[in-house]
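Hi,

Here is the structure I promised to pass on. My notes on what turned up follow below it.

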Amino acid sequence: MQSNNLTEAYPMVGGNDAYSYAQNSTYQRGVVDAAKELISEAIADKLDLKILGFDDTLKPFKIADLGCSVGPNTLLAVQNIIEAIELKFQRTTNLHQKPSALEFQVFLNDHSDNDFNTLFKSLPHARKYFAAGVPGSFHSRLFPRSSIHFVHTSYALHWLSKVPKEIVDPCSPAWNKGSIQCSESNIEVVRAYSTQYKNDMESFLNARAEELVPGGLMVLILAAVVPDGIPLSNSYVGVFNNILGSCFNDLAKMGVISEEKVDSFNLPTYNATPKELEAIIRTNGNFTIEKMEKLSQPRRRITANEYASGIRAGIDGLIKKHFGDEFVDEIFNYFTTKVEENYSIIEEKIRNVSNLFISLKRFA
Ligand SMILES: C[S@@+](CC[C@H](N)C(=O)[O-])C[C@H]1O[C@@H](n2cnc3c(N)ncnc32)[C@H](O)[C@@H]1O
């Protein structure tokens with residue numbers, strides 16, 4: 001089994017207060033809503049209950065949500081998946097005729113620093129499943145071999161297991177001075193980030209290939225992919241990261257944070273293109289791609305303030321760890337002002353953002 005302690009972990013803000021992920025993830029909730037129909041279709045059309053051994057046998061149906069965080073989104077996603085599976089059973093087997101014949105076990109996974117206590121307290125009382133928390137990195141094995149029937153992960157796979165070390169090394173040609181992201185002006189930086197992403201995705205796919213039963217399904221919802229053929233700088237992620245990076249540069253010029261701290265800060269995230277993802281999955285070779293398409297946009301518009309709070313709920317821990325607790329409020333206050341100033345650009349990019357839905361089947 002692979003070790004689970006090499007990953008850098010920056011869980012979302014826990015609890016339920018004003019800065020928490022639970023209170024600041026309505027955009028991601030809209031993505032879960034937008035994926036509901038596609039998940040139902042994947043289950044109706046691609047889940048073969050016979051191959052999974054459910055034709056006449058009663059056993060728990062096991063579902064995992066990876067990178068679940070805290071708050072209503074994971075619970076909503078699980079509910080959508082269970083409803084679709086129940087429908088599938090009703091239509092294709094006799095098992096549903098026995099009351100509560102079908103039992104579900106749901107594994108909620110995130111880094112061990114995730115606020116599982118708040119998550120557990122928010123589980124619905126009248127739920128139709130047995131729930132368990134599974135701490136650890138999804139870049140490694142989390143479950144016994146051939147034990148899971150359906151894997152779901154939403155808005156989590158853009159997190160890398162670590163920042164590639166070359167990009168913070170002043171002696172390396174990949175030193176990423178002056179940028180906090182996969183800056184396309186330096187090919188060595190691009191190579192370092194994309195190699196890290198490929199390695200992480202390969203680890204993710206290999207681990208899931210062992211854990212999923214043959215014929216099991218996996219739904220990946222990828223946040224803000226960079227559309228094929230569009231430069232990063234013109235995509236939503238590129239524009240957003242530049243605004244965030246400019247905040248650090250401004251605060252360093254004002255003497256609030258040190259230039260050295262700014263130079264050594266890089267986001268441990270990478271937003272791939274659909275082509276890159278497809279190539280990684282095909283090279284891995286453990287899954288068939290059943291569907292890969294852009295998700296429709298969440299309908300609800302968010303204000304500049306909601307947007308800034310949502311970003312804080314996602315990266316507060318990361319900023320604190322690098323710059324120190326004492327700077328975090330000033331950094332985010334400045335960031336909020338910048339977001340307000342640039343909101344028309346950000347909003348236009350969010351409106352056209354490409355979230356990607358991929359359904360995969362483990363080779364039977
Ligand atoms: C933006 S949140 C998404 C939460 C939820 N899935 C949703 O759609 O609202 C991303 C989550 O992925 C988790 N995450 C990132 N890398 C991870 C890893 N290697 N293993 C497990 N969880 C990870 C983070 O801790 C975070 O809780």
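Helix α4 (187-211) supplies the largest share of the lining of the second largest pocket, 3 residues; helices are DSSP runs of H or I with at least four residues, strands runs of E with at least two, numbered from the N terminus. This is a predicted model, where local features need pLDDT of at least 70 and side-chain atom pairs pLDDT 80 or more, while totals for chains, interfaces and linings use all residues. Residues are numbered from 1 along each chain as its sequence is written, and side-chain values use heavy atoms, without hydrogens and water.

About 240 Å³ of space lies in that second largest pocket. Among its 17 lining residues, Cys182, Val226, Leu232, Tyr270 and Asn271 are the closest to the centre. The elements giving two or more residues to the lining are α4 and α5. (A pocket is an open set of points on a 1 Å grid over the protein atoms alone where a 1.4 Å probe fits, with protein on both sides within 12 Å along at least five of seven lines; lining residues have an atom within 4 Å of a point. The volume is the space filled by probe spheres set on the points, which are joined across faces, edges and corners.)

Phe248 touches Ile180, Ile257, Val262, Phe265, Ile319, Phe323 and Ile331 (heavy atoms within 4.5 Å), leaving out residues up to four places away in sequence.

In α10 (343-351), Tyr343, Ile346, Glu347, Lys349 and Ile350 are buried, meaning under 20% relative accessible area with a 1.4 Å probe, protein chains only. Their cover includes α1, α5, α8 and α9.

Best wishes

How values were computed
Buried means under 20% relative accessible area, exposed over 50%, partly exposed in between (1.4 Å probe, protein chains only).
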